[in-house]
Structure formats: C-alpha cells, structure tokens
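Please read the points with the structure open.

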Amino acid sequence: MTIPLEKKVPMLNNFHTYLYQEEWCFTESHEKDRQVLEDFPTISLEFRNLAQEYREVISDICHRMGVGMAEFLEKKVGSIKEWDQYCHYVAGLVGIGLSRLFSASQLEDPEVGRDTELANSMGLFLQKTNIIRDYLEDTQEGRAFWPREAWSQFASRLEDLAQPEKLESALSCLNLLVTDALRHVPDVIAYLSRLRNQSVFNFCAIPQVMAIATLSTCYNNPMVFQGVVKIRKGQAVTLMMEATNMRAVQTIIAQYSQEILKKVSLTDPSRDKTLHILALIQEKSNLPQPGLSSRSHHLSPMYLSAAMLLAALSWQYLSTTAGQAQGTGDMH
C-alpha cells in the first residue's frame, strides 16, 4: 500500500513478465510481506523450472489478475455485478488457475479445468465470505469492499452501518450480502462432486466448509459491526477432520444452511431470496454424489494431517490477505 499508483499500475500490468526475468525484485516496499517481492528471484526460478503447461497457466492467470487489480485501483466497487468482477480478479482467477493445473497434471479430469464458471464460483464464495466478515476491520482502515448498490439502500455512508442506532439497517445489509454469497454454494457442490483425487479434494473442500460455517456465524450477527467474527478453533478442527469426502461435505453444508434458515427474520428485506437459495442448497446437499464417498477411511493419519495443513494454509491465506489495491489501499 506504500507504492504510489503511478508505479503500481504498470507493475501490476507487467507482473506476469517478471516471472521470466531472473533478477527482477522490488525492494521499496515497507509492508510485512515484502520478503515475497525482495526475494522474488527465488520464486521465479521455481516457476521457470516447471513444465511448460504449468508455466502457461500461471503466467496467464497472473496477467489477467494484474490487469484486474490495476482496474480496481482507480474505482470503487459499485454494483453487485462489479463486486462479482472484483472478486473474480482477486479470487475467482485463483480458482480457475488451480483447476487448470489440476487437469494439466492429470490429477483431475479435463472438465475440471474447462468449466471456468464453477471454478470461478469457488473463489467468489471464499472471497465474499472474507469481505463480509471483515467489514469493521476494513472500514476502520479506510478500505471499502461492500458494494455500494447494497449498502446505499441502508445508509448514506458505508461506515455509518457500525453506528448502534443503525443496527437494524446494518443487519439488513449484512443479510443481503450473505444471501448473495450463498448463491455460489450450488456451484461449489457441483465442483467438488467432480473431484477424484483425495489430496485435491481436501485442498478444495476444507476452505469451502470453513466459509459456509463463517457465513452462518455472520448472518444476522451484530458482532460483524462491533468486533471480530470467527468460528471457534475446535469447530475449525472438526471441519478439517470431517470434510474429506463428498457425503460429509454435503452434510456439513446442509447443517449450516439449516442454521442460517433458523435465523431468517420475518421482516428481513431479503427474506424471500434467502429462503429460495437455502432451499436450493438443501436440495443440492441431499443429492447422492459420485466420487469420493468413502475413501477417507483408508487414509493414514499422516496423510490426513498433511492434507489438512495444506488446506488450512490456503484458507488462512485468503482470510488474512487484506488490502492489495483500490485507491486508499484495498485489494482484499
């Protein structure tokens, strides 16, 4: 966030080319994660050692993501459609890129990499969950990620939603955005049901069940506007242990969608839309799915530990990567 726009925009647009430059690095950052830029030759060397089919995917995703980040450096997230586009640039493209790598490595079928709509939804669901949960932290830091189309229905300024007298309006806005995020869950279920490799499945599934548990905690919860909302550590460990096959994931999703359903108010402005998407999620969650239905019983504790650590790190990355662009410093 300490890099001026006139320097940052060209760097974002050209970042994918730095992967092929042996000596490129950036030493002018003062952020806590500056080591990534200062020691970039280590990263780019590993990139250049990859097979060509992997390099092509990574370079393409970096290019598209950099262009998208540069676009949102100079404009706010206005409409819900722009919110989708913003989340596509910073997270949906990650889902698309990973899916293409899963298929290129033949760990998964070609259709996993080809279906960019489902892969995009995987990223959007995680990113929207983080944006919804981190309202207070972001607004206190001067970052605005909630789309104006949503919050302008309930307040004249986004930060006004944190005022105690605005609580009812704030909860209505919160529930509207949770409902919007939930519309990606049917795609998440469809995506996960296609996976055949156990390691890939764990890596993808665990962050998704963490996300729906987080949304359930956030829904209609005043604490979103007063402090930090997190799922309990024991709850997180249980989810990591259980989300290793499709049947278990469907059960978890159904459970948390039921929890949200119990909290839907008769007077909530988004009530009808919320009930509709929850019914659809329940329908998708109750369908028997092929694939990884019972394989987790044959996995060693060491393998499960490694897989869960990898998934936890990916979730932690998406949860803590705050402020990567947008004017005052807000590419989430």
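1. How are α4 and α5 oriented to each other, roughly parallel or roughly antiparallel? They are roughly antiparallel, since angles over 145 degrees count as such, under 35 as roughly parallel, 65 to 115 as roughly perpendicular and the rest as oblique. In this predicted model, local features need pLDDT of at least 70 and side-chain atom pairs pLDDT 80 or more, while totals for chains, interfaces and linings use all residues. Residues are numbered from 1 along each chain as its sequence is written, and side-chain values use heavy atoms, without hydrogens and water.

2. The angle between α4 and helix α5 (residues 80-104) is about 175 degrees, and their axes lie 10 Å apart. Axes are lines fitted to C-alpha atoms, for helices over the stretch in contact, and angles run from 0 to 180 degrees between N-to-C directions. Helices are DSSP runs (H or I, at least four residues) numbered from the N terminus. By class, this contact of α4 with α5 has 15 nonpolar, three polar and seven charged residues. Here Ala, Val, Leu, Ile, Met, Phe, Trp, Tyr, Cys and Pro count as nonpolar, Asp, Glu, Lys and Arg as charged, and the others, Gly among them, as polar.

3. Helix α1 (residues 5-18) packs on helix α4 (residues 52-73) at about 155 degrees, with axes 6 Å apart. That makes α1 roughly antiparallel to α4. Their crossing is left-handed, meaning that the near helix is turned anticlockwise from the far one by less than a right angle (clockwise for right-handed). Contacts (heavy atoms within 4.5 Å) involve residues including Leu-5, Val-9 and Leu-12 in α1 and Cys-62, Val-67 and Leu-73 in α4. By class, the contact of α1 with α4 has eight nonpolar, five polar and one charged residues.

4. For α5 and helix α7 (residues 116-133), the angle is about 125 degrees and the axes are 7 Å apart. That makes α5 oblique to α7. The crossing of α5 and α7 is right-handed. Among the residues in contact are Trp-83, Tyr-86 and Ile-96 of α5 and Leu-124, Gln-127 and Ile-131 of α7. This contact of α5 with α7 has 11 nonpolar, eight polar and two charged residues.

Terms used
Helix = DSSP H or I, 4+ residues; strand = E, 2+ residues; numbered from the N terminus.
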